[in-house]
Amino acid sequence: MLNTQLEQQPKDSVQGPLMEIRGVKMHYPVARAMPFGPRKTVKALDGVDLEIRQGETLGIIGESGCGKSTLARVLSGLEKPTEGQVLFEGQDINTLHGAERAQMRRNIQLIFQDPYASLNPRMTIEQILMEPFEIHPDAVPRSGRRAKIAELMALVGLNPDHLERYPHNFSGGQQQRIGIARGIALNPKVLICDEAVSALDVSVRAQVVNLLASLQQELGLSYVFIAHDLQIVRHISDTVAAMYLGRVIETGTYDQVYDRSAHPYTQALLSAAPELRQEPGKSRQLIMLQGDPPSPIDPPSGCRFHTRCPVARPSCATAEPGLDPVGEGHAARCFFPGPIGPTNN
Amino acid sequence: MSTTTTVNPLDGAKAVDRAPDKVRGAHRRWWLKPRFVISGAIVLLMIVMAAFPQLFTGFGPGPTENCDILKSNQPPSAEHLFGIDIQGCDYYTNVIYGARASILVGIVVSAIAFGIAALVGALAGYFGGWVDAVISRICDMAFGLPFILAAIVVLQLFGERNVWTVIFALALFSWPGGVRFMRSSVLEVRNREYVQAARLLGAGNGRILRKHIVPNAITPLLVLQTLGVGGMISAEAGLTFIGIGLTPPAVSWGLQLAAAREYIDAAPHLLMFPAIFLTITVLGFVLFGEAMRDEFDPKGK
């Protein structure tokens, strides 16, 4: 089921993006190694621009520590970026305060990686799902709330008779469905899924991904789907952004990024993913990267990837490439974009 | 997206079958464990004794009713189980009535400390920053004072000291440990994902503290303060024994011990019985607290 591809007319993007981040930097201070030593920062995000369009899914891929989860926290408004703007419908969410901010937050919800940790263990499912309406009493009139909760439960495929139970009475997949029900309770426009299915069993994972897909169709949601499972990102995404060391290094539609990747890092990342069914007669070229990603405290000079890049040249260590177009809606942050080495197809 | 959802409402039932016990992490029927039963029985007995001493002795509360000055200082006998004290009073009755002061001091002081610690510790842990800095420094200062010495200084200010005076003096310096404890367990809870989820839904600080932080951070503090009841009971007895706690006409084990000290050769039973009661009560509360800790806060061992 996971291999069913999205066969649809390209969605017209005449209107502007629903959500947009511009030049977002998130630097965390690190404790000094020595008293009065230099103040260092972890550059978890270092100048990220992204667009999220209405009803579409933006997939984010990249290895651990590249800033994916920080991006989720910044997008959802849990953290304020050190620099840059997070715009929702053209409005910077971090300039809002108090009631306005609470209203804005209704529109952007986050689905967490660990479904059990995201549910208060001392609240019943009913209390958990009632909370959004207690915080925003105007969303649903008091008399209609029980019906609304039952509707949410049915929507995510849970038995509404189980409302009296506690989160630990449910399996991981069911807990994640509860988290999703809570996330969509206030009719948000953007749902950010930060490794939302990574903690689940493979079979359950597919169910939850399919649930997300059907909710998107029904409710017109936009997703930011962050995962280290490349297959799932490909399955659910319209556009994909690959990240390396706090920067976006390639963006494009899912087939551009997956099938015609231009950045050597994206190619290496994709070649490292095991494929269950390999097409016969098509050998797979594995691009091995040397070493671990450099520390985000002291990122390499020039192109951040040059220390591990199979096609790097001396000039890559001095100048930094921009995120330049390599095709229609397809951009890569590389001086020498294109397939690596001998192509075998 | 061209996929369909597989919705099976019945898979709720499957998970419930293998669900753990109702209290997560607690053993089945923990309340039937011997330590819990024994210590719980002692605690319950002492509380009942403190609340309704008439149930345990035929005599009324007044000191005159059970006293006969002609029968001063007699050892235990069938008629007077614990003997008779210097004033000619039935000592069993006196010891029973002595429970009230000890239990009241122990429980009320711990309850006050619990309340202060829960509130102040939650604020410090949750808000951090200068709120935390101010609260933590005040705690450090209060912590620096020797507890008993500080209580003595405060008690000195009062001429006649009843149970409430002693409670006031002990409660004044008993909360810093609890505040630190609560602060650290709030620090652990406040970045949990369900707290972030509530924040994303637009919940305010008050709601987050009330619904999410405090209910999930309070158990260790509850256990700590239960463990503290025994300590407060012995603090009261100790202060009273050295003449700085309760003063007559109050009745308490500490006062009885202090009075018995002068007659230790002539009437050792006067020292023995209140001491036994005091020890058993303190032990009961400490064991009860430890049994609770093992069940609800295994990390605290």
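Helix α3 (residues 91-127) of chain B packs against helix α4 (residues 129-144) of chain B at an angle of about 140 degrees, with the axes 7 Å apart. That makes α3(B) oblique to α4(B), the class left over once angles under 35 degrees are taken as roughly parallel, over 145 as roughly antiparallel and 65 to 115 as roughly perpendicular. This is a predicted model, in which local features need pLDDT of at least 70, side-chain atom pairs count only at pLDDT 80 or more, and totals for chains, interfaces and linings use all residues. Residues are numbered from 1 along each chain as its sequence is written, while chains are lettered from A and ligands numbered from 1 in the order in which they are written.

**Helix packing in chain B**

- α3(B) passes α4(B) in a left-handed crossing (the near helix is turned anticlockwise from the far one by less than a right angle).
- On the α3(B) side the contact is made by V120(B), L123(B), A124(B) and F127(B), and on the α4(B) side by G129(B), V131(B), D132(B), I135(B) and S136(B); contact requires C-beta atoms, placed from the backbone, to lie within 7 Å.
- The residues of this contact divide into six nonpolar, two polar and one charged (Ala, Val, Leu, Ile, Met, Phe, Trp, Tyr, Cys and Pro are nonpolar, Asp, Glu, Lys and Arg charged, and the others, Gly among them, polar).
- Axes are lines fitted to C-alpha atoms, for helices over the stretch in contact, and angles run from 0 to 180 degrees between N-to-C directions.
- Helices (H or I, at least four residues) and strands (E, at least two) are DSSP runs, numbered from the N terminus.

**UniProt annotations on chain B**

- An unreviewed UniProt entry gives "domain: ABC transmembrane type-1" for residues 103-289 of chain B; such annotations may be inferred rather than shown by experiment.
- Residues 103-289 of chain B are 81% helix and 0% strand, with the end C-alpha atoms 15 Å apart.
- Under "transmembrane region", UniProt (unreviewed entry) lists residues 36-56, 101-126, 138-158, 164-182 and 266-289 of chain B.
- Residues 101-126 of chain B are 100% helix and 0% strand, and their end C-alpha atoms lie 37 Å apart.
- For residues 138-158 of chain B the content is 81% helix and 0% strand, and the end C-alpha atoms are 25 Å apart.

**Four-stranded sheet in chain A**

- Four strands form an open antiparallel sheet in the order β2-β1-β4-β5 (chain A), where pairing requires at least two DSSP bridges between two strands.
- Its edge strands, each pairing on one side only, are β2 (40-52) and β5 (91-92) of chain A.
- Ten bridges join β1(A) to β2(A), and I21(A) has L50(A) as its bridge partner in β2(A).
- β1 (residues 19-30) and β4 (residues 83-88) of chain A pair antiparallel over five bridges; E20(A) is partnered by L87(A) in β4(A), and M19(A) stands opposite F88(A).
- Helix α1 (residues 68-76) of chain A lies across β1, β2 and β4 of chain A, at about 65 degrees to β2(A).

**Eight-stranded sheet in chain A**

- An open sheet of eight strands has mixed pairing and the order β6-β7-β8-β3-β9-β10-β12-β11 (chain A).
- β6 (108-111) and β11 (324-327) of chain A are the edge strands, and the twist averages 25 degrees from one strand to the next.
- β7 (residues 190-194) and β8 (residues 222-226) of chain A pair in the parallel sense over five bridges, with S222(A) in β8(A) as the bridge partner of V190(A).
- Helix α9 (residues 264-272) of chain A lies across β3 (57-61), β9 (239-244) and β10 (247-253) of chain A, running at about 100 degrees to β9(A).

Notes:
Contact = placed C-beta atoms within 7 Å.
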